[in-house]
Amino acid sequence: MKVAELAKSLGTTADSVRYYTRLGLLKPAKSVNGYKSYSNKEVSRLKFILSARNLGFSVADIKEIINESEDGKSACPLVRSLIKERLEETEKQFQAMLALRGKMSSALSRWEEMEDKAPTANMVCHLIENFEQIKKA
């Protein structure tokens with residue numbers, strides 16, 4: 001199977017296939033005419049990579065998981081450990097986004113009641129510049 005065929009069959013892009021090939025995660029055979037040919041093993045490997053990426057695993061995580069598997073070890077304990085780390089990171093990011101959403105909502109509700117002002121030599125937009133001062137008051 002060629003790059004474009006593989007990409008189309010798994011609903012990804014040819015660039016993604018080439019990227020994972022460049023990283024050494026996919027190892028196609030080269031034909032006499034220079035085209036890369038992906039075996040069923042490589043198709044399965046790309047399915048795994050795409051599923052792992054969809055779950056939030058980084059490329060480095062995927063390399064580590066694949067290496068564990070290629071060493072003949074079960075990658076499952078590593079996968080569980082990594083997903084716990086990714087979940088903790090995601091939770092922190094989620095909480096930070098909730099806090100930002102709260103600030104944005106607060107700013108919007110305050111700013112709707114404030115008048116527009118022209119910029120001055122010391123001020124670009126009083127809404128932003130006074131936001132923290134108003135919040136602390």
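These notebook entries record what I looked up in the structure.

**Entry 1. Basis of the model**

I worked from a predicted model, in which local features need pLDDT of at least 70 and side-chain atom pairs count only at pLDDT 80 or more, while totals for chains, interfaces and linings use all residues. Residues are numbered from 1 along each chain as its sequence is written, and side-chain values use heavy atoms, with hydrogens and water left out.

**Entry 2. Domains**

I looked up the division of the protein chain and found domain 1 (1-55) and domain 2 (74-137). These bounds come from an automatic or database domain assignment. The C-alpha centres of domain 1 and domain 2 are 39 Å apart.

**Entry 3. The nonpolar core**

I next asked which residues have the most contacts inside the largest nonpolar core. They are Val17, Tyr20, Leu25, Leu26, Leu46, Ile49 and Ile62, in a core of 20 residues. Helix H1 (3-10), helix H2 (14-22), H3, H4 and H5 are the elements that give two or more residues to this core. Both domain 1 (1-55) and domain 2 (74-137) contribute residues, so the core lies between them. I took a nonpolar core as a set of buried Ala, Val, Leu, Ile, Met, Phe, Trp, Tyr and Cys residues joined through side-chain atoms within 4.5 Å. Buried means under 20% relative accessible area, exposed over 50%, and partly exposed in between (1.4 Å probe, protein chains only). Helices are DSSP runs (H or I, at least four residues), numbered from the N terminus.

I then listed the contacts of Leu25 (heavy atoms within 4.5 Å). Not counting residues up to four places away in sequence, Leu25 touches Tyr20, Glu42, Arg45, Ile49, Val59, Ile62, Lys63 and Ile66.

**Entry 4. Aromatic rings**

I searched the whole structure for aromatic pairs and found 2. One of them is formed by Trp111 and Phe131, edge-to-face, at 6.1 Å centre to centre and 75° between the planes. Trp111 belongs to helix H5 and Phe131 to helix H7 (residues 131-136), so the pair ties together parts that are 20 residues apart in sequence. Rings of Phe, Tyr and Trp (its six-membered ring) pair if their centres lie within 6.5 Å; planes under 30 degrees apart count as stacked, over 60 as edge-to-face and the rest as tilted. Phe131 is buried at 9% relative accessibility, whereas Trp111 is partly exposed at 25%.

I also noted a charge over a ring: Lys2 lies over the face of Tyr35, at 4.7 Å from the ring centre. The criterion is NZ of Lys or CZ of Arg within 6 Å of the ring centre and within 35 degrees of the ring normal.

**Entry 5. Cysteines**

How many disulfides does a search of the whole structure find? I recorded 0 disulfides, a disulfide being a pair of cysteine sulfur atoms within 2.5 Å. Cys76 is partly exposed at 41% relative accessibility, and Cys125 is partly exposed at 29%.

**Entry 6. Methionines**

Is Met123 buried or exposed? I found Met123 buried, with a relative accessible area of 16%. Met123 sits in the loop between helix H5 (76-111) and helix H6 (126-129). Residues up to four places away in sequence aside, Met123 touches Lys117, Ala118 and Glu129.

Met1 is in the segment before H1 and is partly exposed, with a relative accessible area of 37%. With the same exclusion of residues up to four places away, Met1 touches Leu6, Ser9, Lys36, Ser37, Tyr38 and Val43. I noted that Met1 and Glu113, 112 residues apart in sequence, are 62 Å apart in space, C-alpha to C-alpha.

**Entry 7. Loop residues**

I placed Gly56 in the loop between helix H3 (40-54) and helix H4 (59-70). Gly56 is partly exposed at 42% relative accessibility. Lys73 lies in the loop between H4 and H5 and is partly exposed at 48%.
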